[in-house]
Amino acid sequence: MSTETEVVPGRQTVEELDEVVIRFAGDSGDGMQLTGTQFADTTALVGNDLSTLPDYPAEIRAPAGTLAGVSGYQINFSSHDIRHPGDAPNVLVAMNPAALKSNIGDIEPGGVVIVDADAFTDGNLAKAGCKTNPLRDGSLASHRVFELPLTSMTLKAVSETGLAGRQASRCKNFFALGLVFWLYERPVDYTREWIEKKFKTNETIQKANTLALLAGYNYADTTETFTTHYRVRKARLTPGTYRSLTGNEATASGFIAAALLSGRPLFYGSYPITPASDILHELARRKNYPVKTFQAEDEISAIGAAIGAAYGGSIGLTGTSGPGIALKGEAIGLAVMTELPLVIINVQRGGPSTGLPTKTEQADLFQAVLGRNGECPVAVVAPATPGECFHMAIEAVRIAIKYMTPVFFLSDGYLANGAEPWSIPKVSDLPKIDVHFRTSPEGFQPYERDPRTLARPWAVPGTPGLEHRIGGLEKEDVTGNVSYDPLNHDRMVRLRAEKIARIADDIPPIEVFGRESGDVRVVGWGGTHGAITSAVEQLQREGAAVSSIHLRYLNPFPRNLGEILGRFRRVLVAELNLGQLCMLLRAKFLVDAVSVNKVQGKPFKVAEIVRAVRAHLGT
Amino acid sequence: MSTPKLTRADFASDQTVRWCPGCGDYSILAQAQKVMPSIGVARENIVFVSGIGCSSRFPYYMNTYGFHSIHGRAPTLATGLKIARPELSVWVVTGDGDGLSIGGNHLIHAMRRNLDIKILLFNNRIYGLTKGQYSPASEFGKKTKSSPFGTAEQPINPLRVALASECTFVARSLDTDIPHLTGVLERAARHHGTAFVEIYQNCNIFNDGAFDEFAAKEMRAERMLLLEHGKPMRFGKNRERGIRLNGLEPEIVTIGENGVTEADILVHDERAREQTLAYLLTSLHYPEFPVPSGVFHVAERPALEEVVDRQGIQATAAMGAGSLERLLNSGATWTVGG
């Protein structure tokens with residue numbers, strides 16, 4: 001079927017759906033992340049709730065057509081509240097055989113598979129390691145397959161611009177996007193405007209992409225390829241103003257907000273690293289805010305500069321992923337010893353070593369809580385959703401300044417790249433962050449502590465009469481002079497530990513999702529929140545005595561945690577590592593917690609949690 | 001507001017100095033304390049940042065703000081502090097191990113960025129605090145605790161590192177030549193941009209007399225070359241000898257012999273746009289040549305922190321000052337009715 005054929009459009013039926021999961025997959029050069037982001041942004045604007053899962057290779061351009069080069073973007077959108085990007089996609093858009101092969105296993109039985117038939121050449125099949133053509137060998141029998149010549153239709157659609165060859169065929173992602181927009185009743189306007197802006201310096205490309213987008217939409221509209229299109233009504237979100245944003249965007253905004261709320265400028269020292277670099281990009285373009293960014297020569301310099309800035313009275317911030325944290329360890333110890341406010345972002349990825357740079361994992365918890373020489377306590381917080389990154393960033397700064405301590409902000413690849421509708425808070429609802437610089441030289445002692453918080457004074461250079469020296473050698477209590485006295489060291493080690501422990505009095509108690517006591521309690525932290533909560537909801541609907549708690553504060557733990565853990569017969573700790581939080585909980589509370597874990601570089605599926613909980617119900 | 005004129009004593013902290021008796025660091029400390037009152041910066045705006053090593057204890061003894069950081073990383077702290085607080089006078093004190101070995105990466109990048117900071121590198125060509133291993137500046141074949149058969153390594157030339165890093169002020173002085181050291185420190189303080197000063201410093205415990213062959217007071221006239229901008233490079237008790245360029249090779253000539261006149265002698269130009277001359281001077285080693293001291297190279301370039309601040313001002317002028325309201329509502333938004 002081609003667009004040139006005159007067809008009388010059939011009266012397509014509209015089917016209403018509550019929730020849809022689509023995955024776009026193609027070569028890493030096919031623009032799948034862009035396609036997915038455009039679909040997600042439009043979906044947000046039409047009022048659905050949504051959750052996304054970008055999944056891309058570490059190589060910028062792995063060999064075209066190979067399994068290693070497949071890039072995917074999954075989006076779950078719905079007319080009700082959702083918290084996770086979906087287990088099994090209902091729809092797969094696959095731009096080549098490799099994309100089909102590496103994703104088809106995840107697609108629900110009976111699901112829709114749209115493929116670019118033009119890409120199923122012998123060469124591409126061979127590159128994907130397909131011995132037979134999956135479009136012909138019957139392996140897709142349980143799916144509804146739509147073989148569409150996306151490339152050739154795109155070439156025709158853009159031919160009037162004069163573009164040809166690779167440049168023209170590169171527009172096929174917009175053709176596919178237009179098609180899926182029609183299929184799910186989404187307007188093309190937002191993407192049209194986006195293309196206009198993005199390519200304003202290249203009119204030909206601008207026009208070609210627009211033509212491809214519209215051609216895809218019109219193709220679906222005017223041919224009888226799809227007999228049904230689908231309606232997903234607006235979600236009943238809490239009234240308010242929303243925007244769609246990723247965890248990394250929320251993180252950057254949160255730290256800028258903290259600067260504005262505290263009246264202290266933000267200094268961000270960072271060295272580019274996946275998946276944290278977007279935070280640097282976001283902050284670097286905000287030079288009209290009280291923000292200074294510094295792309296350092298290495299990870300150590302990045303944190304050293306942040307410590308220098310914190311010493312000078314800025315909010316010192318450094319951001320990286322696990323391998324970078326490994327390099328920053330000694331400097332974190334320096335900030336602990338000198339008791340300066342500092343926030344360290346770790347957007348966790350698969351490890352050890354270089355590991356899986358673009359994949360998510362939660363295996364740096366021990367590193368954050370324990371991973372330094374000496375007794376070296378720091379506060380550790382972890383946002384649970386992309387949007388929560390904003391609020392936890394402010395919270396991390398509040399704790400860092402109030403307690404004069406480094407604070408770890410543990411994000412992960414899933415949160416960093418995942419997007420969701422974010423209810424924009426009112427400025428008046430944001431917390432104030434109090435900052436007190438010591439100014440009076442009267443009786444000044446660099447390590448004299450606030451009796452309640454145990455924080456030492458923030459005495460910044462430029463203050464007359466407070467000239468003093470700090471450093472990484474052990475400090476004498478109160479004076480801050482170098483001291484090797486054994487009892488003083490013992491006292492200082494305990495004071496530093498006690499200062500962090502006291503933060504527990506200043507953080508919200510754990511809230512339980514579900515009933516207060518019962519059979520199984522699921523404990524999670526960080527980006528697994530959506531999957532765990534959805535699983536527990538499902539089990540609760542089935543009548544199981546299951547509830548969950550999600551930790552945003554990992555050091556110190558909230559005061560009521562131990563007591564809450566005791567109220568359930570069985571405690572399951574679900575995390576994307578081999579049981580790090582589980583071990584901390586067992587050590588701290590002597591609770592016989594069981595680890596539910598996964599280390600595949602991918603988030604939990606809801607079904608995986610459900611299955612794990614069921615295994616412990618009534619046992 | 002006028003403040004009383006401070007003296008050297010005002011810059012001495014209450015801490016007991018704990019270097020070994022006879023260490024060259026004492027002299028450098030004394031000169032720094034002497035220079036501080038004259039650099040035109042209020043004491044509270046002066047910060048000394050150091051790494052690890054004997055020299056890095058320096059900040060404890062200066063009655064200014066001070067930060068004794070971790071091994072090799074002083075330039076990074078200084079960088080963050082200077083970007084955040086451009087009005088401060090930031091001094092980095094480091095050694096040949098701290099600055100050239102573990103911290104080499106930071107040193108070159110700090111100099112390349114040209115922050116308006118002063119870097120004093122105390123070069124004693126040995127690891128003192130760890131009791132006597134060779135350093136990256138130790139001469140080839142040097143026998144130390146960690147090189148009992150002599151080192152197998154070519155030493156690094158700190159000034160060449162500075163020149164290659166496009167440092168805008170490159171100088172060398174001596175712990176024992178007090179007027180010279182004072183003069184170089186004053187000039188470094190006045191320089192706008194990164195000033196790198198290598199100071200030959202005697203470790204009387206682990207590398208005693210390392211520089212005596214040419215730097216001992218009675219040897220200097222014959223074996224050192226005092227660099228002065230715009231002046232011919234003459235040395236010797238009666239300044240009878242000089243450096244002449246033979247093709248691209250420097251050579252020692254005697255004025256009055258073989259028809260050599262002062263006009264044949266190379267004239268120092270610390271402001272030469274090209275670093276060629278400064279680089280050539282870094283190749284002069286004893287015993288083949290006198291060892292140069294003074295300012296090798298000076299250049300003018302905007303300081304990094306000024307560029308950063310200018311970008312902030314320009315962005316604010318172009319986009320308007322950011323606010324919480326703007327931050328929260330940037331990008332595409334939609335409203336869900338109540």
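The centres of domain 1 and domain 2 of chain B, taken over C-alpha atoms, are separated by 29 Å in this model, which is predicted. Domain 1 of chain B is made of two stretches of sequence, 8-231 and 269-305, while domain 2 of chain B covers 232-267. Where these two domains touch, domain 1 of chain B contributes 11 residues and domain 2 of chain B contributes nine residues. On the side that belongs to domain 1 of chain B, helix 8 (220-223) and strand 7 (224-226) each provide at least two residues. Sorted by class, that side of domain 1 of chain B holds seven nonpolar residues, three charged residues and one polar residue.

Elsewhere in chain B, we can turn to helix 1, which runs over residues 25-35 and has as its buried residues Asp25(B), Ile28(B), Leu29(B), Gln31(B), Ala32(B) and Gln33(B). Among the elements of chain B that cover these buried residues of helix 1 are strand 4 (117-123), helix 6 (178-190) and strand 6 (195-200).

From here we move to chain A and to a pair of its helices. Two packed helices are described by the angle between their axes and by the distance between the axes. For helix 4 (residues 150-158) and helix 8 (residues 203-222) of chain A, the axes come within 9 Å and cross at roughly 125°. The crossing in which helix 4 of chain A passes helix 8 of chain A is right-handed. On the helix 4 side of chain A, the residues that meet the partner helix are Met153(A), Thr154(A), Ala157(A) and Val158(A), and what they meet in helix 8 of chain A is Ala208(A), Leu211(A), Ala212(A), Ala215(A) and Tyr219(A). The residues of this contact between helix 4 and helix 8 of chain A comprise eight nonpolar and one polar, with no charged residue.

Finally, the two chains can be considered together, with 55 residues of chain A in contact with 52 residues of chain B. Several elements of chain A give two or more residues to the side that touches chain B, including helix 1 (32-45), strand 9 (240-246), helix 9 (247-262), helix 11 (299-311) and helix 12 (322-338). The largest share of this side of chain A comes from helix 11 of chain A, which supplies nine residues. By class, the side of chain A that touches chain B has 28 nonpolar, 17 polar and 10 charged residues.

Note on methods: Residues numbered from 1 in each chain as written. Chains lettered and ligands numbered in written order. Predicted model: local features only at pLDDT ≥ 70, side-chain atom pairs only at ≥ 80, totals over all residues. Buried ≥ 20, exposed ≤ 12 C-beta atoms within 10 Å, placed from the backbone. Helix = DSSP H or I, 4+ residues; strand = E, 2+ residues; numbered from the N terminus. Contact = placed C-beta atoms within 7 Å. Domains from an automatic or database assignment. Nonpolar A, V, L, I, M, F, W, Y, C, P; charged D, E, K, R; others polar. Axes fitted to C-alpha atoms, helices over the stretch in contact; angles between N-to-C directions. Left-handed = near helix turned anticlockwise from the far one by under 90°.
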